[in-house]
Amino acid sequence: MSRKDPSLMLALMRKLGLYLGRLPGFDKSGFDRRELIELVRAADACGYDSFWMPEAWERDAFTLLAELAVKTERIHLGAGIVNVFSRSPALLAMSAATLDELSGGRFRLGLGTSGKRVVEDFHGLKFDKPLTRLRETIQIIRLLMAGERADFDGQCFQLARFKLGFKPLRADLPIYVAALAPKSLRQLGELADGWLPVHWPREQLAEGLAHIRAGAEAANRNLSHIEIAPMVNVIVSDDFSKARDRARLPIAYYAGGMGDFYHDSLARLGFAEEADRVRAAWQAGHRKEAIRAVTDEMVDRIAICGNIDMCRARLDELMASGATLPIIALPAEGDTAEKIRIIEALIQ
């Protein structure tokens, strides 16, 4: 068989996804929608598994994913992630079914609870029973995607006589969950098709998998049926020190400014003192001090930095540790052609 045979080349490539790694409310570099489309089209052409669009308090995910759906051919498109407070389960099901139809069965729904600060301050809703709300949201979406009527009497939602007015393309549309705490990981194992951890140390992936496995076994499910898809900040540069310094900001941003979830997760995973220093500095308004408080060890265990060969090797280590679909940040430095070169190089 020729080395240029497409099926052979696909078999030799890493299974990777991409996500848009903007820091909402902080990243002032600007958002170029046309460049995003070009980058995702390039990823589509060279065999990436999926692209995931976040949603916080900038652009909504579904609108941009709809545009990408009509401008790509094979790459799967994920909401990575949307929260279960700002939209009802019925609306989430309608949006997911519509995007799945529009993309020809390429949509994946990523869900999370978000946090008290975002839900109450930005959406004006009470941040109450987040895990129960997430569970019931998934249950309702499953009913509706299967074409059933949702007569649902839960703790958070009571629905009567609601049924989608069209037949969804897939009853088994994949639902992924962003979870960090042990209880939420066990629930994920019971209910979801994939795990989307953020800023999780590579060497400790097994700790999260153990909680997911416990939940899966309690529900008579198999862990092998759950995609393990960590979102990882990958910074490619021949200047290792510079790449490492660029990786500090996202960790400081999440540990210091995105509520308690990321801080508490890093503390549980061995970075309690470091996470405390980062949060104290960030919340005091000393952003540069917070970034400096992110240690080299934190960067090296959470992010992936270095030249192309180093980054490929770290991605392979991540997959050997249990990840089935590493999802890496779109390159942020360089012009569009340079970003495409990095995207193409990492998957080879």
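A disulfide here is a pair of cysteine sulfur atoms within 2.5 Å. Before you start clicking: this is a predicted model, where local features need pLDDT of at least 70, side-chain atom pairs count only at pLDDT 80 or more, and totals for chains, interfaces and linings use all residues. Numbering runs from 1 along each chain as its sequence is written, and side-chain values use heavy atoms, with hydrogens and water left out.

Select C311 to begin. Its sulfur sits 6.9 Å from the closest cysteine sulfur, in C305, too far for a bond. C311 is buried, at 0% relative accessible area (buried means under 20%, with a 1.4 Å probe and protein chains only). Now jump to C46, also buried, at 16%. For its sulfur the closest cysteine sulfur is in C311, 16 Å away, again too far for a bond. The disulfide count is zero.

Next, colour the open sheet: nine strands in the order 9-8-7-4-3-2-1-13-10, paired in parallel. Strands are DSSP runs of E, at least two residues, numbered from the N terminus, and two of them pair if DSSP finds at least two bridges between them. Strand 9 (227-228) and strand 10 (231-232) are the edges; each has a single partner strand, so one side of each lacks a neighbour in the sheet.

Zoom in on strand 1 (residues 17-19) and strand 13 (residues 327-329), which run parallel and are joined by three bridges. G17 faces I327 across that pairing.

Last stop: select Y19, H199, M231, V232, N233, I302 and A303. What do they line? The largest cavity.

Technical notes: Helices (H or I, at least four residues) and strands (E, at least two) are DSSP runs, numbered from the N terminus. On a 1 Å grid over the protein atoms alone, a cavity is a set of points where a 1.4 Å probe fits but cannot get out, and a pocket is an open set with protein on both sides within 12 Å along at least five of seven lines; lining residues have an atom within 4 Å of a point. Buried means under 20% relative accessible area, exposed over 50%, partly exposed in between (1.4 Å probe, protein chains only).
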